[in-house]
Amino acid sequence: MSAAIADLPLVASGKVREIYDLGDRLLMVASDRISTYDVVHPNPIPDKGKVLTGLSAFWFAKTGHIVSNHYLSATEGVPDEVRGRAMVVRKLEMLPVECVVRGYITGSGWKDYQATGSVSGIELPPGLRESDKLPTPIFTPSTKAEEGHDEAIDFDRAAELVGDRDLMGRVRDVSIGLYAFAADHARERGVILADTKFEFGLDPSSELVVGDEVLTPDSSRYWPADTYEPGHGQPSFDKQYVRDWASGSGWDKTPPAPEVPEDVVEGTRARYVEAYEKITGEPFDAWLARTGA
Ligand code: PZK
C-alpha cells in the first residue's frame with residue numbers, strides 16, 4: 001500500500017511536475033499540464049505525464065553504462081492515482097547548475113551566436129545558419145533561476161558554482177556522452193535530438209548521478225528528421241500543434257494562456273504517443289501495462 005499523494009510532503013514543484021518526500025526516497029510526478037512560450041495552459045494533454053515518465057525510464061535504463069542515475073522504480077512505492085506518470089528516485093545532493101548540451105544551433109544558443117559568435121564562451125565557426133548541426137556537441141551550462149529564465153554561464157563559472165573543477169569536467173563529459181548516445185539512437189528512428197538539459201547530483205558516497213527527468217520532450221528539443229531544413233527554426237515534435245494554433249488564435253503569449261481546443265489537444269496527445277513509440281520502439285500501451293496505469 002502507498003500513501004495518497006495529498007498526504008505526502010511536497011519537496012519541490014515546477015510548472016508541470018512535482019516532487020514529494022517518501023522518507024528515504026523521493027517521488028517525481030509528471031502532470032499532464034503543457035506550457036507554450038513558458039506559460040501553462042489551463043487544460044491538460046491526457047497521457048502527457050505518462051509519456052514523459054515512460055521516456056525518462058527508457059533512457060535511464062539505456063544509459064546506465066554512461067553514468068548512474070537516480071531511478072529506482074515506476075511501480076513499487078507509486079500511489080495508484082499517479083501510476084504511469086511517477087517514479088521513485090534516490091535522494092541526491094543536487095549540483096547548482098543546469099547541464100545543457102547542444103548538437104544544433106537554435107533557441108538562446110542561436111541568439112548568442114548571432115550576437116557574439118560564441119555560446120557559453122565556446123567559439124563556433126562563422127557562417128552557421130539557424131538550426132545547423134554543430135561540428136561537435138557543445139556543453140552550455142546555465143544557472144537554475146528560481147523564476148524566469150535560466151542564465152547562460154561558461155564552464156569556468158559552472159566549476160566555481162559547483163566548487164570542484166574536476167567534478168565539473170566529469171559532469172561535462174558525461175553530459176556530452178549522454179547526448180551523443182541518445183542523439184544517435186533517436187536519429188536511427190527518424191528523430192533529431194537538437195539539444196537537451198540534465199541535472200546531476202551526488203549520492204551519499206559522492207558518486208556522480210544523473211537525476212531529474214532525462215531526454216524527454218520537456219527537457220529536450222526533438223525535431224522530425226524528415227522535414228529538417230536549416231535556415232530557420234524547426235517545428236517541435238510535440239508542441240507544434242499547440243504553437244501553431246496559439247499563433248493564429250490572437251493570444252499575445254503573456255499569461256494567462258488560453259484553453260487549448262479539443263482537436264489540438266488530441267493532435268498533441270497523438271504526437272506525444274508517437275514520440276514515445278518512435279524513440280522506444282515499443283507500444284505506449286506496454287508502458288501503461290508495465291506500470292499498472
Ligand atoms: C530535486 N529538483 C528539481 C524542481 C521537479 C524537479 N534525486 C533528487 N534528489 C534531491 N533533489 C532532487 C532530486 C531530483 N531529481 C530536483 N528539485 C529537487 C525539480 C521541481 C519539480 F520535478
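This is a short tour of the structure above, one selection at a time.

**Before you start**

The model is predicted, so its local features need pLDDT of at least 70, side-chain atom pairs count only at pLDDT 80 or more, and totals for chains, interfaces and linings use all residues. Residues are numbered from 1 along each chain as its sequence is written, and side-chain values use heavy atoms, with hydrogens and water left out.

**Stop 1: the whole chain**

Show the chain as a cartoon. You'll find seven helices and 18 strands; helices (H or I, at least four residues) and strands (E, at least two) are DSSP runs, numbered from the N terminus. Along the principal axes, the C-alpha atoms fill a box of roughly 60 × 50 × 35 Å. A compact globule with 293 residues would have a radius of gyration near 19 Å, and the chain agrees with that at 19 Å. The radius is taken over C-alpha atoms, and the globule rule is 2.2 Å times the number of residues to the power 0.38.

Now colour by burial. Of the 293 residues, 49% are buried. Buried means under 20% relative accessible area, exposed means over 50%, and partly exposed is in between (1.4 Å probe, protein chains only).

**Stop 2: the ligand**

Select the ligand and whatever surrounds it. The shell has 13 residues, and the closest are Arg17, His70, Arg90, Leu92 and Asp212. To be near here, a residue needs one of its heavy atoms within 4 Å. Sorted by class, the shell has six nonpolar, three polar and four charged residues. Ala, Val, Leu, Ile, Met, Phe, Trp, Tyr, Cys and Pro count as nonpolar, Asp, Glu, Lys and Arg as charged, and the others, Gly among them, as polar.

- His70: a polar side-chain atom lies 3.0 Å from a nitrogen atom of the ligand.
- Arg90: a polar backbone atom is 2.8 Å from a nitrogen atom of the ligand.
- Asp212: a backbone N or O atom sits 3.0 Å from a nitrogen atom of the ligand.

On its own the ligand has 470 Å² of accessible area, and the protein covers 84% of that. Such areas come from the Shrake-Rupley method with a 1.4 Å probe; for residues, only the protein chains shown count as cover. The elements giving two or more residues to the shell are β1 (10–13), β2 (17–21) and β3 (25–30).

**Stop 3**

Strands count as paired if DSSP finds at least two bridges between them. Click Ala12, whose bridge partner in β2 is Ile19. Then follow Ile19 across to its partner in β3, Met28.

β2 and β3 also run antiparallel, joined by five bridges. Asp21 stands opposite Leu26 in β3. Three residues lie between the strands of this hairpin, where Gly23 takes a positive phi near 95°.

Is β3 enclosed or open? Five of its six residues are buried, so β3 is largely enclosed by the rest of the structure. Leu27 stands opposite Val88 in β8.

**Stop 4: a four-stranded sheet**

Next, find the open sheet in the order β6-β17-β16-β9, where the pairing is mixed. Its edge strands, β6 (68–69) and β9 (93–94), each pair on one side only. β6 runs parallel to strand β17 (residues 208–210), with two bridges between them, and Ser68 stands opposite Val209 in β17.

**Stop 5: backbone details**

Tyr37 sits in the loop between β4 (35–36) and β5 (39–40). Its phi is positive, about 50°, although Tyr37 is not a glycine. With a relative accessible area of 33%, Tyr37 is partly exposed.

Ser120, in the loop between β11 (118–119) and β12 (122–123), also isn't a glycine but has a positive phi of about 55°. Ser120 is buried, at a relative accessible area of 14%.

Finish at Pro256, in the loop between α5 (240–249) and α6. The peptide bond from Pro255 to Pro256 is cis, with omega near 0°.

Methods. A polar contact is a pair of N or O atoms within 3.5 Å; within protein, one must be able to donate a hydrogen and the other to accept it, and residues adjacent in sequence count only if both atoms are side-chain atoms.
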